[in-house]
Amino acid sequence: MRIAVQEEEFDLGAEANAFAAGDDANGAIVTFTGVVRDLATGDLDVMEIEHYPGMTERALTKIAQEAMARWCLGDVLVIHRHGRLAAGDRIMMVATAARHRKDAFEAAEYLMDYLKSRAPFWKKEITSSGADWVAAKDEDEDALTRW
Amino acid sequence: MDVLYFAWVRERIGLPKERIETQAATVSDLVAELSAREDRYAAAFADLSALRVALDQELSDFDASLTGVREVAFFPPMTGG
């Protein structure tokens, strides 16, 4: 299991390759990558991601440990960036390795659902017309009830 | 104890962290104490349903006791991913 909270970019291909090379018993590798969107207005200059150093790592570790306990997984990887990002930049990735794909897919969805609303990150969109904190969506909170 | 603020709570209060000597028994008591101090705190804490609290880096709630707590953090609902 590896949890990384970092400002710098990550190499999606290198991370996925290194993760997949871990263990021959894992027949299924799922990766998800989150990318900064330029929303409806099309004038996003910067996405600023703030986080709570210390709590972030603890929360992500707890979420990953819970996924390892609930599904039959060989390994879990979570990388989440903070700082100033531009449209098209990769914000985060999760990867799960399992013997079977169902565990890998479900665990990846679980990780995403939980890190959206239980990991202490806050996004601020800066456009030519001003800066706005991204509001949490009710549907993200509702998504947790299915687990 | 150390009190930390994040995102718009930090902006509204105007600082990321401060050290507070308090006898507050619960998070709600601390919120009431801070809100009574200055308008900027009252403004930040006006709607508690829009806020989350963590005690020693674990999510908690406003009824929770502050006994033994070293670090309190206030912030809006999280938007990771």
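This is a predicted model: local features need pLDDT of at least 70, side-chain atom pairs count only at pLDDT 80 or more; totals for chains, interfaces and linings use all residues.
Does the radius of gyration of chain B, with its 81 residues, agree or disagree with that of a compact globule? A compact globule with 81 residues would have a radius of gyration near 12 Å, and since chain B has 12 Å, the two agree. The points below take up each chain, then the contact between the chains, and then some single residues.

**Chain A as a whole**

- Chain A contains four helices and eight strands, and, when followed from the N terminus on, these elements come in the order β-α-β-β-α-β-β-β-α-β-β-α.
- If a box is drawn along the principal axes, the C-alpha atoms of chain A fill roughly 50 × 35 × 30 Å.
- Of the 147 residues in chain A, 34% are buried.
- When contacts in chain A between residues at least 6 apart in sequence are considered, 78% of them join residues that are at least 24 apart.

**Two packed helices in chain A**

- Two packed helices are described by the angle between their axes and the distance between the axes.
- In chain A, helix α2, which covers residues 55-70, packs with helix α3, which covers residues 101-117, at an angle of about 150°, and their axes are 10 Å apart.
- Angles over 145 degrees count as roughly antiparallel, and α2(A) and α3(A) are therefore roughly antiparallel to each other.
- The crossing that α2(A) makes with α3(A) is right-handed.
- On the side of α2(A), the residues that meet the other helix are A:L60, A:I63, A:A64 and A:A67, while α3(A) brings A:A107, A:Y110, A:L111, A:Y114 and A:L115.
- Sorted by class, the residues of this contact of α2(A) with α3(A) are nine nonpolar, no polar and no charged.

**Residue A:M68**

- A:M68 has its place in helix α2 of chain A, and this residue is partly exposed, with 16 other C-beta atoms within 10 Å.
- Apart from neighbours within four places in sequence, A:M68 is in contact with A:M1, A:L73 and A:V76.
- Between A:M68 and A:Y114 there are 46 residues of separation in sequence, and the distance from C-alpha to C-alpha is 14 Å.

**Chain B as a whole**

- The secondary structure of chain B consists of three helices and five strands, which run β-α-β-α-α-β-β-β from the N terminus on.
- The C-alpha atoms of chain B fill a box of roughly 35 × 30 × 20 Å, again taken along the principal axes.
- Buried residues account for 27% of the 81 residues in chain B.
- Of the contacts in chain B with a separation of 6 or more, 54% are between residues 24 or more positions apart.

**Where the chains touch**

- The contact between the chains takes 21 residues from chain A and 13 residues from chain B.
- On the side of chain B that touches chain A, the elements giving two or more residues are α1 (7-13) and β5 (71-75) of chain B.
- By class, this side of chain B has nine nonpolar, four polar and no charged residues.

- B:D56 lies in the loop between β3 (52-55) and β4 (58-60) of chain B, and B:Q57 has its place in the loop between β3 and β4 of chain B.
- B:D56 is not a glycine, although its phi is positive at about 45°, and B:Q57, a residue other than glycine, has a positive phi near 70°.
- B:D56 is partly exposed, with 16 other C-beta atoms within 10 Å, and B:Q57 is partly exposed, with 19 other C-beta atoms within 10 Å.
- B:G14 is found in the loop between α1 and β2 (17-19) of chain B, and, with 11 C-beta neighbours inside 10 Å, B:G14 counts as exposed.
- B:G14 and B:R40 are 26 residues apart along the chain, and their C-alpha atoms are separated by 8.1 Å.

How values were computed:
Residues are numbered from 1 along each chain as its sequence is written. Chains are lettered from A and ligands numbered from 1 in the order in which they are written. A residue is buried if 20 or more other C-beta atoms lie within 10 Å of its own, exposed if 12 or fewer, and partly exposed in between; C-beta atoms are placed from the backbone. Two residues are in contact if their C-beta atoms, placed from the backbone, lie within 7 Å. Ala, Val, Leu, Ile, Met, Phe, Trp, Tyr, Cys and Pro count as nonpolar, Asp, Glu, Lys and Arg as charged, and the others, Gly among them, as polar. Axes are lines fitted to C-alpha atoms, for helices over the stretch in contact, and angles run from 0 to 180 degrees between N-to-C directions. Angles under 35 degrees count as roughly parallel, over 145 as roughly antiparallel, 65 to 115 as roughly perpendicular and the rest as oblique. A crossing is left-handed if the near helix is turned anticlockwise from the far one by less than a right angle, and right-handed if clockwise. The radius of gyration is taken over C-alpha atoms; the globule rule is 2.2 Å times the number of residues to the power 0.38.
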